[in-house]
Amino acid sequence: MKLNKCFIGFLLAVSVQVYGQGSPIDSMLAIVKSKSTKDINRMNTLNELGMAYWKNGEDSMAISFHKKAISESGKINFFLGEAKARLQLVRMELEHLEDVDGAHRQLDTAYQIAYKQKDDWIEAMSHFRRAQIYSMGFYEYNDTIPLLYDKARELFKKTGDKSMEGSVYSELASLEASEGKYSAAVDYLQKARVLQESTGDLKSLRATLPNLGVMYMNLKMYDKALEIFNEAKANAEKLNDQRVLAFIDNQRGFIYKEQKEYEKAIVHYQRAALLFSNAGAINISTNIYARIAEIYIYQNRLDSALRLNQYADSLYQSQIGIEEAFFHYTQINFAKIYLQKLEYNKAISYASVGRDTLLNTEVYLAEELAAYYKVLAEAYQATGNYQLALQNFKGFKNWSDTLVNDETNQRVLSATLTYDFEKKDQATQLQLQIARQQKLKQTQYFLLALLIISIAIGSYIFVSNKKLRTKNKELNQKNAEIEKALYTGQKMERKRLAAELHDNLNTQLAAIKWYLEAMQVNLLQEPNKKIYTKLLQMTDDLYRDLRLISHLLLPVALEHNDLKGAFTLLVAKLNESSKVHFTLHFSVTNLLPEKVNHQLYNICLELVNNVIKHSKATHANIYFQPQEKGSIELRVEDNGQGMPEKLVSGGIGLQNIKNRTHALAGKVIIQNKGNDGGASIRISVPSNKVIS
């Protein structure tokens, strides 16, 4: 079987939605027209309309309604409506991957809403969607993805949302499948199915059933796969879900291809590609074109295969634009086409690049590696290089043997029988659960509280000489313009330097690391192995330091948020990936100038970095609060080992903190807590130096 995992990723990313498709579009449009812009029902209907248009493949209309829901919900403080709209826009971006940074900004805002409203469900969805984005080929976040899913699952379980709890299991199945662990994936999907069927909501199963069929298909259990696909099709037809029906067509095309019924396979593939293309899902439709090209290879229509494969490859590269993802569908096709055309050097070139790319990532795709090794073995044999042919044949055999074995099939059978037993056991409870849910829906109401805050701003008229006041005003204005121009110039230069560091040096460092990791370490002598290990560690440290320097030059969080919002996002991201848990205590209400925000944010980054690198702490508190006599204090405390004397006197990080603090006419106080353990670093800044 060839490369089915990317298609798994698509439908698993579809996930279960908590927004119902609701009434037909015309009826919903009538509701929107009849309701006031301050009516919560109107906000919910706007989101439902967006969902309905999206399911029909009309993404531009869907985006329009979700943006309107964001705007109108924000005006009446309907935070749940705004959060749902933002999260759905992120869901849509998963199909296009054209504005990933924009998707992250939507998630940052949703997380702020969750933090402000203390809403566990919105926080869970934010973790869930961010993990999905990272799963779309951003391999550097592989360690973060399971942590985000675990947090989301705990919160969904806490809120009682079984549909989304099941969706998390579906995504975990995708992670297992990406490593060829299909039996573990089946187990996760059966857990998801049990949870989602217990809700009685058909929408919950729209992704789980098709993906379960795909797992059986990957295990070459085609009869079982078709059985599951029939259930999935019946479910999708009840929901009138064209996207899922297209996905099922795509999978049936794959089965027909494997059974050598090529013409039937092409018909199903073309039908699926048309719908995905109309919906703007270029990454899916181009993959289908590559699959059709693969069929042409089997039919020995090599020129047609080459033309279609070149089109699919160029379309993917021009539209998707993800540097971290490698398009193995077309890459393997190129290798096979040139092998059959007896152009062995080209076949070797394409297969070598594909193989090396997979070996240099942390994600091993067994089927793809086996295909590359097979092409290389045959090409080297044809050119008389029997030693390399033998080496690559061993690689092909090794990766082929990892795909399916008897133990795997037994585990899958066990998971299937477990599901059947649990389904029978819960049949009677399911009816009671449905009845309770229907009764609960009848008693739900939205309460809208409108708070009108009017602030009367009085203006104080200073009695003084009019000419002197005018001259002072003009002088102050000129000084402010000069200061603003200087700061703007500094900011532009920081942006330029940050971009240079990120785009050039980081890229080169990543390339160096790839080359180092590609070396055959077992051939090195022991002293050289130590040098190699040290070089690899130094490369990692330098990469992280450059990212920190780039962030210090231009903190992205401050570009879109005030200081409180930036601190909130910083703590959230730290808690996603750091072993130290941070808690923020922010009570300053005065607005600070932009350049002062920048200094204080960078000081906080230095303090946090010291805690993570040196403190060996498990918890730290960040305080930003007003003090007596109008001063402002930034304080970071941890429960670690305390501050060593040599670090206090000679640390570069602390020297940077002192320099930035002195620029604000402030002072730094460093204290160890003694018997209690840990350290406390206080930054105190006079109010007349920071308050605008």
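A cavity here is a set of grid points where a 1.4 Å probe fits but cannot get out, and its lining residues have an atom within 4 Å of a point. In this predicted model, the second largest cavity is lined by nine residues named as follows: D108, Y111, S126, H127, R130, L569, A572, K573 and E576. The space inside the second largest cavity comes to about 60 Å³. Three helices, α6 (100–117), α7 (120–134) and α26 (563–577), each give two or more residues to its lining. Of these helices, α26 makes the largest contribution, with four residues. Sorted by class, the lining of the second largest cavity holds four charged residues, alongside three nonpolar and two polar ones.

In the lining of the largest cavity, eight residues are nonpolar, four are polar and one is charged.

Helix α27 also holds N609. Is this residue buried or exposed? N609 counts as buried because its relative accessibility is 19%, and the cut-off for buried is under 20%. In sequence, N609 lies 44 residues from G653, yet the C-alpha atoms of N609 and G653 are 8.6 Å apart in space.

Elsewhere in the chain, helix α4 covers residues 59–75, 17 residues in total. From its first C-alpha to its last, α4 reaches 25 Å, close to the 24 Å expected at 1.5 Å a residue. The buried residues of α4 are D59, A62, F65, H66, A69, I70, E72 and S73. Which elements do these buried residues pack against? Their partners are α2 (25–34), α3 (40–55), α5 (79–96), α6 and α13 (242–258). One of these partners, α6, is also among the helices that give two or more residues to the lining of the second largest cavity. Just after α4, N77 adopts a positive phi of about 60°.

Definitions and conventions
Residues numbered from 1 in each chain as written. Predicted model: local features only at pLDDT ≥ 70, side-chain atom pairs only at ≥ 80, totals over all residues. Heavy atoms only, no water. Nonpolar A, V, L, I, M, F, W, Y, C, P; charged D, E, K, R; others polar. 1 Å grid on protein atoms, 1.4 Å probe; cavity = no way out; pocket = protein on both sides within 12 Å on 5 of 7 lines; lining within 4 Å. Points joined across faces, edges and corners; volume = space filled by probe spheres on them. Expected span 1.5 Å × (residues − 1). Buried < 20%, exposed > 50% of the residue type's maximum accessible area, 1.4 Å probe, protein only. Contact = heavy atoms within 4.5 Å.
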